[in-house]
Amino acid sequence: NEIFQPFSSGIIYESIAILVLLTFTALMCAIEVAIFMFSYEEVTQLEKSDDNSDKLILHFIKKPKRFLATFVLSTTLFTLAIVLLFENLLEQCLQPHFIESHHTMLFIVKISFETFIIVLFAEVVPKLYATQNYYKVSRLIIHPINFFDTLFSPFVRALISTSNFFEKRLEGSGNNVTAQDIDDAIDITTSKSKD
């Protein structure tokens, strides 16, 4: 029995789509690190700059919740699309009888792809690069992140509102423990251990 189906143009298109989405995911993960690497002095320099890219970088530095909401929405959609496309690609490449009889093996292949390719090439490597080249990365990717911020604006606002709601709830239900309370507890514990 043959394992692979006859070659089709759909395989090429889906492979290209996966590569494009992996690239977008890598860019998003890189700027997630880069945007928070700026020192106070560098932020001050950005405030003095008339460059449009610098202004956008400063805009997202000063609105971290909005930036993170845009990042989470974008990367979640990209990752989900990559997974779905890869699964569809396997179905196009492999014969139906092979898929039916090798569920476990194909499940392992899918998980391996998602963990190794997506995590390593779309997250770890871009983030490592961004820590060393954060200004360059920020200037390169700030316009795409601004595009996605505008595109997903209603969802971004909804995500921020939900986040703020739970944040206020958690603050309201939290125990108000001060630093002095902690010091007193340590003193009591120490005195008891001496006794």
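From the N terminus on, the elements of the protein chain follow the order α-α-α-α-α-α-α-α-α, which amounts to nine helices and zero strands. Here helices (H or I, at least four residues) and strands (E, at least two) are DSSP runs, numbered from the N terminus. The model is predicted, and local features need pLDDT of at least 70, side-chain atom pairs count only at pLDDT 80 or more, while totals for chains, interfaces and linings use all residues. Residues are numbered from 1 along each chain as its sequence is written, and side-chain values use heavy atoms, with hydrogens and water left out.

Two packed helices are described by the angle between their axes and the distance between the axes. Axes are lines fitted to C-alpha atoms, for helices over the stretch in contact, and angles run from 0 to 180 degrees between N-to-C directions. Helix α1 (residues 9-34) packs against helix α4 (residues 64-93) at about 155°, with the axes 9 Å apart. The pair is therefore roughly antiparallel, given that angles under 35 degrees count as roughly parallel, over 145 as roughly antiparallel, 65 to 115 as roughly perpendicular and the rest as oblique. The crossing of α1 and α4 is left-handed, meaning that the near helix is turned anticlockwise from the far one by less than a right angle (right-handed if clockwise). Helix α4 also meets α6, where the axes come within 11 Å and cross at roughly 140°. That angle makes α4 oblique to α6, and this crossing is right-handed.

Turning to burial, 32% of the 195 residues in the protein chain are buried (under 20% relative accessible area; exposed is over 50%, partly exposed in between; 1.4 Å probe, protein chains only). Met28, in helix α1, is buried, with a relative accessible area of 0%. Its C-alpha lies 8.7 Å from that of Glu123, although Met28 and Glu123 are 95 residues apart in sequence. Asp149, in helix α7 (residues 134-151), counts as buried because its relative accessibility is 5%. Asp149 and Leu73 are separated by 76 residues in sequence and by 9.3 Å in space, C-alpha to C-alpha.

Val125, in helix α6 (residues 103-132), counts as partly exposed because its relative accessibility is 42%.
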